[in-house]
Amino acid sequence: MTPDPITDSVLERHGVTREEYGRIVTMLGREPNLTELGIFSVMWSEHCSYKSSRVHLKTLPTTGPRVLQGPGENAGAVDIGDGLAAVFKIESHNHPSFIEPYQGAATGVGGIIRDIFTMGARPIALLNSLRFGPLDDPLVRRTMSGVVSGIAGYGNSIGIPTVGGEIAFDRSYTGNPLVNVFCLGIAKADEIIKGTASGVGNAVYYVGAKTGRDGIHGATMASAEFDDTLNEKRPAVQVGDPFMEKLLLEACLEVMKTDTLVGIQDMGAAGLTCSTCEMGSRGGAGVEIDVSKVPQRETGMTPYEIMLSESQERMLLVVKKGREAEVEQIFDKWDLHAVHIGEVTSDGRLRVKNHGQVVADIPNRSLTDEAPMYRRPMSRPAYLESAQHLDLAEFGPLPSPRDVFRRMLASPGIASKRWVYRQYDHMVRTNTLLLPGMGAAVVRVKGTQHALAMSVDCNGRFVYLDPYLGAQLAVAEASRNVACAGALPIGATNCLNFGNPEKPEIMWQFGRAVEGMGAACRALDIPITGGNVSLYNETDGRGVLPTPVIGVVGLVEDAGRVVGRAFRSEGDVVVLLGETRNELGGSEFLHVVYEQIRGVPPQLDLSREAALQRVLVEGTGSGVIRSAHDCAEGGVAVALAECCFDAGLGVDVDLAAVSDASAEYRETASLFSESASRVVVSVAPGHASTLLSMAAAAGVPAKQIGHVGGKRIAIAVDGRPTLNELVSDAERIWATAIESWFEQRRAIA
Amino acid sequence: MKFAVVVFPGSNCDHDTYHVAKEVLGQEAELIWHKDRSLGRADVVILPGGFAHGDYLRTGAIARFSPIMQEVSKFAAAGGPVLGICNGFQVLLEAGLLPGAMLRNRSLQFRCQFLHVKVEQTNTPFTLASRPGQILKMPIAHGDGNYYAEPDVVSRLERNGQVVFRYVSPAGAVTDEANPNGSLNNIAGICNEARNVVGLMPHPERACELAIGSADGLSIFESILKKTPGVISGAEVSEITPGVFSLAAGSQTVLNK
């Protein structure tokens with residue numbers, strides 16, 4: 001190997017600092033060549049190494065009696081009984097989705113699906129958590145429709161239903177949308193497969209799409225901010241082929257039924273580099289491959305390009321010696337050709353050859369466990385002082401409750417997401433028990449009595465105003481959503497989207513959010529089994545709202561008892577679980593009416609939240625609760641309205657006024673305050689007292705507030721009629737708000 | 001009764017269709033790989049939904065060259081009942097077993113939703129258990145379901161009673177609003193002249209258990225069972241309608257919305 005000259009500009013192009021370069025030289029005992037530098041640069045990128053976040057992530061709770069696989073593998077896994085495991089993870093594809101929305105989002109879906117079936121699980125559900133700028137910006141509409149059709153294009157073709165998710169809008173996401181995709185699969189608990197390479201002499205196989213020059217340095221791109229050189233980064237976005245992935249999925253699951261595999265890993269970020277060194281490192285072994293054997297889409301590719309390509313739909317397999325023919329035969333059946341590209345060795349090194357000549361030789365652990373880890377400086381952001389100050393009187397006149405209500409229903413954050421989810425096949429696999437827009441996503445587990453409920457949530461405004469509390473509120477909301485369907489939360493995965501970690505104020509947001517998330521998960525007994533960190537979500541130096549998305553998975557014992565949010569029958573009694581306080585900080589109300597993100601987020605008592613969720617699980621499990629809906633953005637008024645939509649039923653309730661607001665704002669706060677730990681529940685008339693005593697026993701405040709029935713949403717506050725709308729009028733506003741942005745555009749075009 | 005469910009690379013409703021035949025109806029069922037050259041001793045053949053061969057080139061365009069399609073054609077020519085669902089319908093069109101073609105949905109978007117179709121003809125092996133004019137609630141999930149054929153072909157289909165299913169409002173009216181994709185004459189499904197080959201865009205296999213929103217699709221599977229007397233009667237079928245789940249009485253109202 002003749003060393004290439006490594007100049008400062010070469011280092012800069014690779015995102016490697018002088019200091020890091022010094023470590024590379026020490027670890028190798030010599031100067032790296034360019035191929036080796038490329039390998040180090042992608043493995044030590046923020047995206048692959050988690051170098052800024054690892055010290056914080058280590059504090060999260062990751063264990064529990066149900067946890068079969070925690071962080072560190074392709075996905076986490078929890079025991080769901082009947083000998084089965086739920087395997088799930090969430091991942092971001094933010095940067096590629098801004099550069100090329102369709103392919104960026106599509107390959108995000110493809111990547112997370114591979115993570116799940118790599119574990120030996122059949123994927124059965126997809127969810128996504130999306131963030132965009134305001135819809136009045138045509139660029140945002142273009143991004144959003146591209147992302148949505150990309151998710152649809154990939155998920156629909158491969159036949160995994162997109163059963164739910166969430167979307168929020170804020171100006172900070174205009175130049176940096178967030179696309180977080182969650183996937184869940186089912187595996188036999190004792191047949192989970194790991195991404196490990198071991199057994200000297202075992203064959204290393206490459207299978208799937210050919211390697212091209214696409215996506216080279218994708219991981220490095222995802223570890224840098226955007227600026228006006230954006231268009232030059234387009235070649236780093238990969239192109240997806242869902243058909244190829246469908247073949248890979250079926251063929252891999254078929255191979256996994258045999259016992260021919262030692263380990264398997266998909267080639268995601270950092271492609272062949274990452275899969276080889278990570279598998280070797282996990283198995284305490286070395287891996288030797290010859291890149292000339294790798295199937296290539298283009299001629300003249302260098303070892304550097306082959307090792308760093310992020311072409312999609314590729315897998316790396318370690319096959320037991322002597323079993324190669326069986327594996328090849330199965331892939332042949334699917335018209336895929338598994339290619340033998342190397343062997344497992346005993347020396348713990350990643351050795352890359354080209355036509356037999358060594359072109360890179362690096363200890364695996366130096367690329368993985370021994371990658372740099374930084375404890376970056378943190379400081380409390382200066383903006384908090386003024387942002388946490390809230391005085392409604394400063395904002396000018398207060399609109400009428402009716403006006404506020406109607407504007408809230410039309411706000412894209414609250415309005416129906418039908419325009420989005422009707423583009424997703426949400427019913428394939430015939431397990432979908434709750435249709436999108438009806439609460440948490442719920443799928444049955446065929447062959448058992450169980451169902452799984454899933455919810456992904458984060459209110460970035462709350463996190464911006466108080467990262468610790470905001471992250472706790474995200475955990476509380478996601479698990480509450482799952483509990484509303486009747487599911488006991490049993491595990492979670494997180495996707496932490498933040499700005500540039502080299503800025504101490506961003507790092508402080510990150511550190512505090514992780515602390516808050518950990519504390520909430522511990523209090524609610526929900527282990528985090530893995531996830532993803534996406535940093536550098538900034539464009540032209542401005543960061544997105546800190547957005548630590550959490551995906552919670554819950555287990556429903558009796559799938560026949562699942563409830564949705566829609567009211568069920570005339571005459572049912574409506575009960576509000578939880579307490580409303582004057583908490584408009586960070587609310588949708590402030591956002592919609594005054595375009596403000598201000599104040600402090602609602603307070604959260606985690607033990608009371610846990611008690612509330614127990615009541616929900618017990619109440620649905622015993623058949624007492626007939627519908628349940630969390631009060632989130634827009635408060636109890638919007639929650640009540642949403643319970644009426646879909647059902648086509650009205651409601652007549654009387655709310656107690658919040659006691660701690662001045663007279664002028666009392667009604668507004670009572671209707672639109674976003675106090676945590678509240679759920680609108682309906683029960684049959686004969687069951688009201690049962691529910692109230694269940695709640696009392698658990699220490700959860702509960703109040704019968706009215707009845708289901710009629711054609712109007714009638715809400716009084718302390719006996720005074722405050723809102724009175726026809727359900728059909730309100731529903732029309734809510735149902736068409738998002739659609740009209742896109743239909744309008746088409747009319748002009 | 002034995003169901004053969006053909007699996008093309010890219011089929012993705014194969015397992016769902018198999019599930020209905022095997023678990024919901026308790027019948028024999030077999031997945032048949034597209035490279036196979038035999039349908040075994042199948043009594044009925046179903047081409048399931050999905051994206052056969054990635055739907056590259058054109059929906060169903062490559063699948064018609066799969067080896068098994070020769071067997072499917074022979075089976076159909078001999079009068080065997082063949083049902084194409086969604087992508088399976090598209091394959092039947094490309095294979096020339098049914099007339100017409102599919103255009104992109106007029107919305108230019110993929111659409112997944114429950115809707116209503118009217119059974120226009122009950123003299124096919126897949127509708128004989130339905131009442132004439134019966135309205136079935138079933139989901140659609142497709143991007144290319146906009147049925148098109150030359151005007152003379154369409155009028156011949158109408159004249160011969162080969163339009164088997166039509167998109168309608170919940171009350172049964174044939175309206176433009178009820179048409180999810182722009183299909184001519186609201187056509188959702190058709191049959192061949194011999195009436196043994198039926199294709200439809202909605203997914204009856206997704207509507208065979210109340211737990212997932214509707215059991216109306218069962219009538220299509222019940223029809224084929226009735227065709228072979230003595231196998232299972234319609235009454236027995238409806239007893240196992242709810243499938244593996246015993247639903248709490250009221251939850252159907254929510255789920256069935």
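Predicted model: local features only at pLDDT ≥ 70, side-chain atom pairs only at ≥ 80, totals over all residues.
The contact between the chains draws 33 residues from chain A and 31 residues from chain B. On the side of chain B that touches chain A, four elements of chain B give two or more residues each: helix H1 (14–24), strand E6 (111–119), strand E7 (135–142) and helix H7 (251–255). H7(B) gives the most, with 4 residues. By residue class, this side of chain B divides into 15 nonpolar, 11 polar and 5 charged residues.

Within chain A, helix H20 (residues 504–524) and helix H22 (residues 606–621) pack against each other. Their axes come within 9 Å and cross at roughly 45°. H20(A) and H22(A) are therefore oblique to each other. The crossing is right-handed. H20(A) contributes Ala520(A), Ala523(A) and Leu524(A) to the contact, and these meet Leu606(A), Ser607(A), Glu609(A) and Ala610(A) of H22(A). The residues of this contact comprise 5 nonpolar, 1 polar and 1 charged.

Asp525(A) lies in the loop between H20 and strand E18 (528–534). It has 15 other C-beta atoms within 10 Å and is therefore partly exposed. Arg195(B) sits in the loop between strand E10 (187–191) and strand E11 (197–200). With 19 other C-beta atoms within 10 Å, Arg195(B) is also partly exposed. The cut-off for a buried residue is 20 or more such atoms.

Note on methods
Residues numbered from 1 in each chain as written. Chains lettered and ligands numbered in written order. Contact = placed C-beta atoms within 7 Å. Nonpolar A, V, L, I, M, F, W, Y, C, P; charged D, E, K, R; others polar. Axes fitted to C-alpha atoms, helices over the stretch in contact; angles between N-to-C directions. Parallel < 35°, antiparallel > 145°, perpendicular 65-115°, else oblique. Left-handed = near helix turned anticlockwise from the far one by under 90°. Buried ≥ 20, exposed ≤ 12 C-beta atoms within 10 Å, placed from the backbone.
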